[in-house]
There are 2 protein chains.
Amino acid sequence: MRYLIFLGWIMEIYKNEKRQSYLKEYSIAQLFSFPIEEFIEVHEYKRDEWIIQEGMRPDFLFYVIEGKAKTYVTHQNGKVSLINFINANDYIGEMELLHEVYNTKGIQTSTKTICFALPFHRYRAQMLEDAKFLRELTKFLSIKATKFSAKYSQSLAFPLENRLADFILQTADGEVYKEKHVTVCDFLGVSYRHLLHVLAQFCDKGYLQKEGRHYRIQQHNSLYELAEMLRNK
Amino acid sequence: MRYLIFLGWIMEIYKNEKRQSYLKEYSIAQLFSFPIEEFIEVHEYKRDEWIIQEGMRPDFLFYVIEGKAKTYVTHQNGKVSLINFINANDYIGEMELLHEVYNTKGIQTSTKTICFALPFHRYRAQMLEDAKFLRELTKFLSIKATKFSAKYSQSLAFPLENRLADFILQTADGEVYKEKHVTVCDFLGVSYRHLLHVLAQFCDKGYLQKEGRHYRIQQHNSLYELAEMLRNK
DNA sequence: CCAAAAATATGAGATATCTCATATTATTGT
DNA sequence: ACAATAATATGAGATATCTCATATTTTTGG
């Protein structure tokens, strides 16, 4: 169980030439049928900074230009769930765009992250009338819904062994698994202790070999078979 | 663990006056900016019939007019997950509308169900250009994504006790809980045995009292407190 | 560079949940 | 109306996962 710490508000807003150069280089004009650049803000967040704090409704629809972030929710029993990884070209705040009442999740960067911030009060009405924008947002949300429903049913139907094997293969850097345990146990929804326990089993069985804090994949195929069990019939 | 049985294909298509009367009485013209009625089919499915079989891509976007249905997925280990309850005014097949490649889930009715069936080949292109339709579909999907992500994180953060209390309060008919155990254990993702075990605990503690196959709620407040634990901070 | 905080690591006992076996009762198709 | 099937019910042992305790190592802020 972890507690999330507020690290302070140090987000930087790019102005003038710096702003212009980002708007030009990473133009998102093609996502809309109407001119979008005038009121876009370009925000830079440092590593581990909160883009949105849990429960604080944002005033912007964000579009991630570069960097990575995580969506967190805190439960009443003190447990924390990492419910999603966010990458470049993802939206943030689309739930609040669509719903007046919404339990806003916390968003924390895991690397320096640059976002376009589109003010709701300027653009909300036009966005909700724009078929081009809505079509892509619909696809984005449909993928999200599919992903969550898959994770949900898999988490209940399979032990950690299978889900961890899948996660290792998805995140391995070449043949080496390097993720931080504290992040992974929040993501896979298991205790730190149990995660380490199953990793140790994988080592015992020869699937992985520990190298300092990292793990080298020794039997890719065994992990693959465990992960494949998650796929539907 | 349950196995899903195919009960045969006996869906009925309403024609002529019967079709017309449904189109008139339950008009969905307001969901689109273009005329939609010409090629709509009106389908009636009997109780327990499959509207879509797992893995069989549908040719229609369905809109449920009356009745109830369930979305099922079968895992490789033989476990079955009931991932969603479908009611009147829900869409079915929207994933296939949006994605060429999609692992189609099975949809089975739990009561007689009547749907409007909108042929993809007639309407897909227009739908994907229609802001009015897309806006509502976006909301529908955003709610679905939120629901799944909540269920996911809750299922990992809380024992069955809390999730079952919530489910009982949500589905109770007045003060009596009447759901079928075999359905509920697929939905909550636990074994039949364990579901019965926790129900028995609730009876021991005096939260419920067994009445034949049903359970009368005796301590609403105790159940409520258990369920409230699921809400986020 | 140091103290504090965070992350890693491991043991041991508790508990939530699963699997399997076996009856009994209710529902369904013919 | 009866046989087959599905649903309910309960026991007992196995296992997946959690909690708590404690130690070591790494990272971080000032």
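Domain bounds on this tour come from an automatic or database domain assignment. For chain A, that assignment gives domain 1 (12–154) and domain 2 (158–228). Before you click further, note that this is a predicted model, where local features need pLDDT of at least 70, side-chain atom pairs count only at pLDDT 80 or more, and totals for chains, interfaces and linings use all residues. Residues are numbered from 1 along each chain as its sequence is written, chains are lettered from A and ligands numbered from 1 in the order in which they are written, and side-chain values use heavy atoms, with hydrogens and water left out.

**Stop 1: the two domains of chain A**

Colour domain 1 and domain 2 of chain A separately. Their centres, taken over C-alpha atoms, are 30 Å apart. Where they touch, domain 1 of chain A brings eight residues and domain 2 of chain A brings six, with contact meaning heavy atoms within 4.5 Å. About 650 Å² is buried between these two domains, 61% of it from carbon and sulfur atoms. Buried area here is the accessible area (1.4 Å probe) that two parts lose on being put together, summed over both.

Now select Leu82(A), Phe85(A) and Gln154(A): on the domain 1 side these lose the most area to domain 2 of chain A, together 64% of what that side buries. Looking for salt bridges (a side-chain nitrogen of Lys or Arg within 4 Å of a carboxyl oxygen of Asp or Glu)? Across this domain interface the rule finds zero.

**Stop 2: chain A against chain B**

Show both chains. Each puts residues into the contact: 49 from chain A and 49 from chain B. The area buried between chain A and chain B is about 4,500 Å², and carbon and sulfur atoms give 62% of that. In chain A, pick out Gln76(A), Tyr152(A) and Asn232(A), which lose the most area to chain B, together 16% of what that side buries.

How many salt bridges does the rule find across the interface of chain A and chain B? Two. For a salt bridge to zoom in on, select Glu129(B) and Arg135(A), whose side chains meet at 3.4 Å, N to O.

Next, select helix 4 (131–157) of chain A; helices (H or I, at least four residues) and strands (E, at least two) are DSSP runs, numbered from the N terminus. Helix 4 of chain A supplies the largest share of the side that touches chain B, 21 residues.

**Stop 3: DNA strand C**

Bring up DNA strand C and the 21 residues around it; Tyr192(A), Arg193(A), Lys210(A), Ser191(B) and His194(B) come nearest. A residue counts as near if one of its heavy atoms lies within 4 Å of the strand.

One is 2.7 Å from an N or O atom in the side chain of Lys210(A), and for Lys180(A) the corresponding side-chain distance is 3.3 Å. Over on chain B, a polar backbone atom of Ser191(B) is 2.7 Å from a phosphate oxygen of DNA strand C.

Finish by selecting helix 7 (192–204) of chain A. That helix gives the largest share of the surface near DNA strand C, three residues.

Definitions and conventions: Polar contact = N/O pair within 3.5 Å; in protein donor to acceptor, adjacent residues only side chain to side chain.
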